[in-house]
Amino acid sequence: VLYITQPLVSAKWLANMLKRNLVGPNLRVLDSSWYLPSMKRDGKKEFASSHIPGASFFDIDECADRSSKFDHMLPTEEAFSDYVGDLGIGSHSHVVVYDASDFGLFTCTRVWWMFRFFGHPQVSVLNGGFRNWVKQGHPVSGTYTRPEPARFTATRCHPSWVKSFEDITHNIETQEYQVVDVRPYGRFCGKEPEPREGVKPGHIPGSKCMPFFGFVDEDGMMLSTEQLKKFFEKSKVDLNKPLCGSCGSGVTACHMVLAAHLCGAQEAAVYDGSWYEWFTKAPPEHVVSDLNNKL
């Protein structure tokens, strides 16, 4: 790797790399756009007509444990290695991830976290996403050339970075780590519907709410470290104590992990099944909503 991997890179930096023809085996760009059905957008289709030149599409539904009934759960090391190797990513590639959502950053933090979980720290998030790339007038392309496959070896170096249903249940008693739920407050407190059929809103006992869109400014750029620290403080989340992110299905939870990482707390975990799994498996007394528990 020719440069130090920062958690965030700017559109200007990436455009400069593109101009110098450095996007290739050593620097791979991934569009990881994914949307909830209610958003009525198709990330793969949009990628086909408009993306950052040289980028490949990373499908978070495809690169997942397909045997699970829960959405985009972590794949095995082998499956991840094969999937990203096919995208031309080798063990020495610097990977830059983005998505094309209106939030600026939406699903790309999940892919950033997956690479790090599988032992590949050379990964960055494009600050502001595709929205800002276009706004700043950088080039886009509608053509895709499949890169030469590369050899990638994933290892689960950080098993503690992912939490299971059993871990979270145990944590209700032990309070070893703080569970930070990044869904909108209305869903957290049981007043707004969940996007998945048959799943009611509410939250895990003892969890705190930090809506994911609160980590970015109105332009879709990640807040400064100082602003992020204030957001954690205001949400009564202690950055000096262990953290675990949760959301609807383990995707936007990774916003909290990236934010904590930028604030120097680099070991934050993700509850992979998140609310979708929790609501499905937890006993009724562990499904807290405003109706049975005033926040």
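A: In this predicted model, 22 residues line the largest pocket. Nearest its centre lie L36, F106, R187, F212 and T252. The space inside comes to about 270 Å³. By residue type, the lining of the largest pocket splits into 13 nonpolar, 4 polar and 5 charged.

Where does the largest pocket lie? Domain 1 (8-136) gives residues to its lining, and so does domain 2 (159-286), so the largest pocket lies between them.

Over residues 173-287, the chain is 30% helix and 11% strand. There, the end C-alpha atoms are 15 Å apart.

Next, the second largest pocket. Its volume is about 220 Å³. It has 14 lining residues, and V23, P53, G54, A55 and T145 are the ones nearest its centre. The lining of the second largest pocket divides into 6 nonpolar, 7 polar and 1 charged.

Now the aromatic rings. A ring pair is described by the distance of the centres and the angle of the planes. The count for this model is 21 aromatic pairs, with ring centres within 6.5 Å as the cut-off. Take F58 and Y83. Their ring centres are 5.1 Å apart and their planes stand at 80°, so this pair is edge-to-face. The cut-off for that label is over 60 degrees. The pair joins distant parts of the chain, 25 residues apart. F58 sits in the loop between β3 (56-57) and α3 (77-86), while Y83 belongs to helix α3. Both F58 and Y83 are buried.

F80 and F152 make another edge-to-face pair, with 5.8 Å from centre to centre and 70° between the planes. F80 is in helix α3 and F152 is in the loop between α5 (129-135) and β6 (162-163), so this pair ties together parts 72 residues apart in sequence. F80 is buried, and F152 is buried too.

Ring pairs link F58, F80, Y83, W113, F115, F117, F118 and F152 into a cluster.

Terms used. Residues numbered from 1 in each chain as written. Predicted model: local features only at pLDDT ≥ 70, side-chain atom pairs only at ≥ 80, totals over all residues. Heavy atoms only, no water. Helix = DSSP H or I, 4+ residues; strand = E, 2+ residues; numbered from the N terminus. 1 Å grid on protein atoms, 1.4 Å probe; cavity = no way out; pocket = protein on both sides within 12 Å on 5 of 7 lines; lining within 4 Å. Points joined across faces, edges and corners; volume = space filled by probe spheres on them. Nonpolar A, V, L, I, M, F, W, Y, C, P; charged D, E, K, R; others polar. Domains from an automatic or database assignment. Phe/Tyr/Trp six-rings, centres within 6.5 Å; stacked < 30°, edge-to-face > 60°. Buried < 20%, exposed > 50% of the residue type's maximum accessible area, 1.4 Å probe, protein only.
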